[in-house]
Amino acid sequence: MAIIRVEKKSNYVVMDKTGLEDDRLSFKAKGMLAYLLGKPDNWSARISHLQTVGTDGETAVKSGLKELEKYGYLKKYPVRDEKGRIEEWESIIREIPESCPEVDFP
């Protein structure tokens, strides 16, 4: 298969290839990972937004995010109010997976 490269300008992403070469991830999860890592730091999105940037519906977006979470690329943290109640969940996306006890991947 030939590789065709395009001339790059300022609209490109540099990312670690670990997630793209992780055989445990589906192409859906790899695509979501690449899309999310291509956004600026502290950028935020909702599932409803992720549905609008592709053809996948809510169920597919949620399953892709769960897959990324399962293998350590996504971590959720509760955001609490002053009374300690959870107001929302914040998600952090990683280029290299956080070690997970259930998986054996460097």
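**Exercise 1.** Find how many aromatic pairs there are, and decide how the rings are arranged.

*Solution.* 
Step 1: Start with the rule. Rings of Phe, Tyr and Trp (its six-membered ring) pair if their centres lie within 6.5 Å; planes under 30 degrees apart count as stacked, over 60 as edge-to-face and the rest as tilted.
Step 2: Count. This rule gives one aromatic pair.
Step 3: Classify. The ring centres of Tyr-35 and Trp-43 are 6.2 Å apart and the planes stand at 80 degrees, so this pair is edge-to-face.

A word on the source: this is a predicted model, in which local features need pLDDT of at least 70 and side-chain atom pairs count only at pLDDT 80 or more, while totals for chains, interfaces and linings use all residues. Residues are numbered from 1 along each chain as its sequence is written, and side-chain values use heavy atoms, with hydrogens and water left out.

**Exercise 2.** Are Tyr-35 and Trp-43 buried, partly exposed or exposed?

*Solution.* 
Step 1: Recall the cut-offs. Buried means under 20% relative accessible area, exposed over 50%, and partly exposed in between (1.4 Å probe, protein chains only).
Step 2: Apply them. Tyr-35 has 26%, so it is partly exposed. Trp-43, at 31%, is partly exposed too.

**Exercise 3.** Describe the second largest pocket by its volume and its lining.

*Solution.* 
Step 1: Know the term. On a 1 Å grid over the protein atoms alone, a pocket is an open set of points where a 1.4 Å probe fits, with protein on both sides within 12 Å along at least five of seven lines; lining residues have an atom within 4 Å of a point.
Step 2: Give the volume, meaning the space filled by probe spheres set on the points. The second largest pocket holds about 180 Å³.
Step 3: Look at the lining. Tyr-35 is one of its residues, and Leu-50 is among them too. The helix α1 (helices are DSSP runs of H or I, at least four residues) gives the most, with five residues.

Technical notes. Helices (H or I, at least four residues) and strands (E, at least two) are DSSP runs, numbered from the N terminus.
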